[in-house]
Amino acid sequence: MSDEMRPPEVTGPGRRNLTRRGVIGGAAGIGLAAIVTAAPASASTSVALPGQRFDMVLRVTRAMAQFPLEFSAVHGKASAAMAKFPLEHSAVHGKASAAMAPASAPGLARAARKLKARNLAQVNTAADGLLADGLLSKPLRDLVITLGSRSAADKSLLALAAVSVATLAPINDPNETSGFALTWLGMLGRMHEQNTLAAAVTRRGLR
Amino acid sequence: MSIHPEVRRALGKGRDQIWARHGKEPNFTGCGIGYRRRGGVVTDEPVVIAMVVDKLPAGALSSRRLIPSSVTVDGTSYGVDVVEAGPVYASGSATSRSPHDIAWETSITDPFRPMVPGCSIGNSDILAYGQTPGQATGPLQSPAPAGTLGCFAQGPSGQVYVVSAGHIMAGGFNNNWDTNTGNRPGSVVQPTTDLGNIVQPALADQSGTGSTYTAPVATADYVSSLDTTPGSLVNTVDCGTAVLKDASNSSTSVAQGLMQPISATHPAVGMCIASDGEGNSFLTRMDSTMQTLGMPFLGAQSDTDWVQAPVVGTNIEKVGRTSAYTSSTVDATDAIVTVNYVDNVVGAKVPVTLSGMIWSQYLSLGGDSGAVACAGGDGHTYVLPPNALCGLMTSVQSYYALPANPADNNLTNKLQSKMLTQTITGNLLIGLVYLNQQTIIDRLNTMTGPDHNQTTAQAFFQQIYDTYRPVLISMLTSPSTFTLTPQMATDGMNAWGMLSKAPADGGQGLLTAQETNAIYNSIVAWLDVIASAGWTYQQMQEWFDTPAWYDGIYQSIVLAPTIVAP
């Protein structure tokens, strides 16, 4: 990730080994996000998710993009399909299908800028929990297994997954946790309970 | 869109040709006169409609059994449209109301005083006859089939009669034992003057409810004859009457106010008497019924009042004990149909040929027998058979380890009847599922893929089930509040990926490449589009009723040779 894209290193209250600088920065980040939410997204270039949290969320997004399926492979062909239909309809004509985006830093930054303060706080909390377990540097396989084990108990993970969904499918609101974020984490949680998650992510070749 | 009388006469001759040639074949249900259907859409071509239990490919039939694509009458060729219907059964219901029934929420099984058209009735004495021939008394071990009070008629001496289907009044097909000799009647079921007591609601609807409405409200006194001679075409009605014990125990207002009463401006067209398990309903003509009874409707002057001859394509509506209010269309008239009656003495089925019948679809279920269908309604307030997709549902539940919730059958039926059947594209989708049902079941039974893929797919669809079952219920309950969201589209696209992607890519590979392209291009891709537009339920329905959209889907689907198109 390039330095110009990476936000400044800031930690939040959920992070272990907190520093005074981190606490202040985290609080400032939440406040900034609230301001950004109130203004049109294009009015600010500020990045809502700071530092390692950003990288952690990006890593979750990359896991979502690969497991259980390659996310982009099932989306994004609607425009081609529409061309085959010689019909006009006022509510659809001219509409593009929901474009897919890669699990990229710019995509995540765009999604994160739309986060409302409450959701941002939850994303930070979730990211901090994952960072505390060192999952930023562990294989994606370990990250997905951990998400499965925590999905039932840690509701903040839903907010984090929603940002990932909005990154991969920008049609989605990153504050909306009832869609694929819930499906994905629910699926991981069930697989964890059924003791099938580790084998499945291993066979999918997640690293 | 009525059929010209001369064409109808010619088609009648063509129908007779088809009946003469195929009427006795076990796979042949009947034939009538209507319009050709193509891809689930009614065309304007008048044809002979041939009904078969299973449509078989031409190669699987001998030339003698192959139904011709046309018939020639007086030098003119007319088309023959083969549709699937049957086997057909006289549709009383022997089962009590159950929360697993399709129509349990709306079935009309409550007591009514005064009694009204549309409510449940049944013969309470049938087992006293049937169980022990020669003895008119005995314990009731199981109730007679429940049916529907169709209407009231005025007797010549001022008596008021309940009118319903004959097999409901008689408590079954063959209760007419000669109580003196114990002999069964011959080929013709003879009417008698005392066919037992009628109760309301039917005993079948009183079991387990704590109700005590066993006191008779009427005495069955007439059931029309049914000639069981193979090939006989004399049967045109299946009706019966019971004289009320208290004439004031009658109201012409329809149960729960679900329909206007029968009148000169709301004339009666037919009486529901039979159905199959696939949504086909068969009615006898109401003008013939009233003339057979020789009595007018209660409040009318003559037996020719307040009736209307059936016309193909017109809307009809009825209120019945099982499916309550429904509306459909007259899809064929002048039909000759083999109806199976159950002999409740020995349990055997007795095939009886009825002619002059009306064919409709999704109008009635078992227990609606006797309900009178009147001209009117929107023509598409349907009821679907409860078990039509039972096999598919069971396979899907097993494949994804989903809960075997019997109420889900009810839910899928509602999805069909309340939403999909209301549009031409929705009907196409229903047809696609029905016609390809066995293929889907076969694949689910054999293509489980690697364990890790299967467990992933199961967890994924279990979560989808938990999330979207309440959404579906909400949509069907309050359509005006439903909007398709981007979240739903994203979930839908991923679900599609699960089904279609190869196992090596994490999917289940349940579809061929051609099927994947066809279904994606015609249906799935649009989910993204209409979700981005934030469509409401009403917008979705309007679009589903757009011919261009229908055509687009149809043309895409037929590109996949393994998909059977309607």
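Trainee: What makes strand E3 (residues 70-73) and strand E4 (residues 76-84) of chain B a pair?

Mentor: In this predicted model, four bridges join E3(B) and E4(B) in the antiparallel sense. Pairing asks for at least two bridges, so E3(B) and E4(B) count as paired with their four. As one point of reference, Ser70(B) stands opposite Gly79(B) in E4(B).

Trainee: Which residue takes a positive phi in the hairpin of E3(B) and E4(B)?

Mentor: That is Asp74(B), with phi near 50 degrees. The hairpin has two residues between its strands.

Trainee: Why are E7 and E8 of chain B called edge strands?

Mentor: Look at the order of the open sheet, E7-E6-E10-E11-E12-E9-E8 in chain B, seven strands with antiparallel pairing. Strand E7 (147-148) and strand E8 (151-154) each pair on one side only.

Trainee: Which helix lies across E8, E9 and E12 of chain B?

Mentor: Helix H4 (residues 286-293) of chain B does, running at about 50 degrees to E12(B).

Trainee: Why are helices H5(B) and H8(B) called roughly parallel?

Mentor: The axes of H5 (residues 390-399) and H8 (residues 437-446) of chain B cross at roughly 25 degrees and come within 9 Å. Angles under 35 degrees count as roughly parallel, and H5(B) and H8(B) are therefore described that way. Their crossing is left-handed.

Trainee: What makes the contact between H5(B) and H8(B)?

Mentor: On the H5(B) side, Gly391(B), Leu392(B), Ser395(B), Val396(B) and Tyr399(B) take part; on the H8(B) side, Gln437(B), Ile440(B), Ile441(B), Leu444(B) and Asn445(B) do. Sorted by type, the residues of this contact are six nonpolar, four polar and no charged.

Trainee: Turning to chain A, how many helices and strands does it have?

Mentor: Chain A has nine helices and zero strands, and its pattern along the sequence reads α-α-α-α-α-α-α-α-α.

Trainee: What share of chain A is buried?

Mentor: Of the 207 residues in chain A, 50% are buried. The cut-off behind that word is 20 or more other C-beta atoms within 10 Å of a residue's own. As for contacts in chain A between residues at least 6 apart in sequence, 74% join residues at least 24 apart.

Note on methods. Residues are numbered from 1 along each chain as its sequence is written. Chains are lettered from A and ligands numbered from 1 in the order in which they are written. This is a predicted model: local features need pLDDT of at least 70, side-chain atom pairs count only at pLDDT 80 or more; totals for chains, interfaces and linings use all residues. Axes are lines fitted to C-alpha atoms, for helices over the stretch in contact, and angles run from 0 to 180 degrees between N-to-C directions. Angles under 35 degrees count as roughly parallel, over 145 as roughly antiparallel, 65 to 115 as roughly perpendicular and the rest as oblique. A crossing is left-handed if the near helix is turned anticlockwise from the far one by less than a right angle, and right-handed if clockwise. Two residues are in contact if their C-beta atoms, placed from the backbone, lie within 7 Å. Ala, Val, Leu, Ile, Met, Phe, Trp, Tyr, Cys and Pro count as nonpolar, Asp, Glu, Lys and Arg as charged, and the others, Gly among them, as polar. A residue is buried if 20 or more other C-beta atoms lie within 10 Å of its own, exposed if 12 or fewer, and partly exposed in between; C-beta atoms are placed from the backbone.
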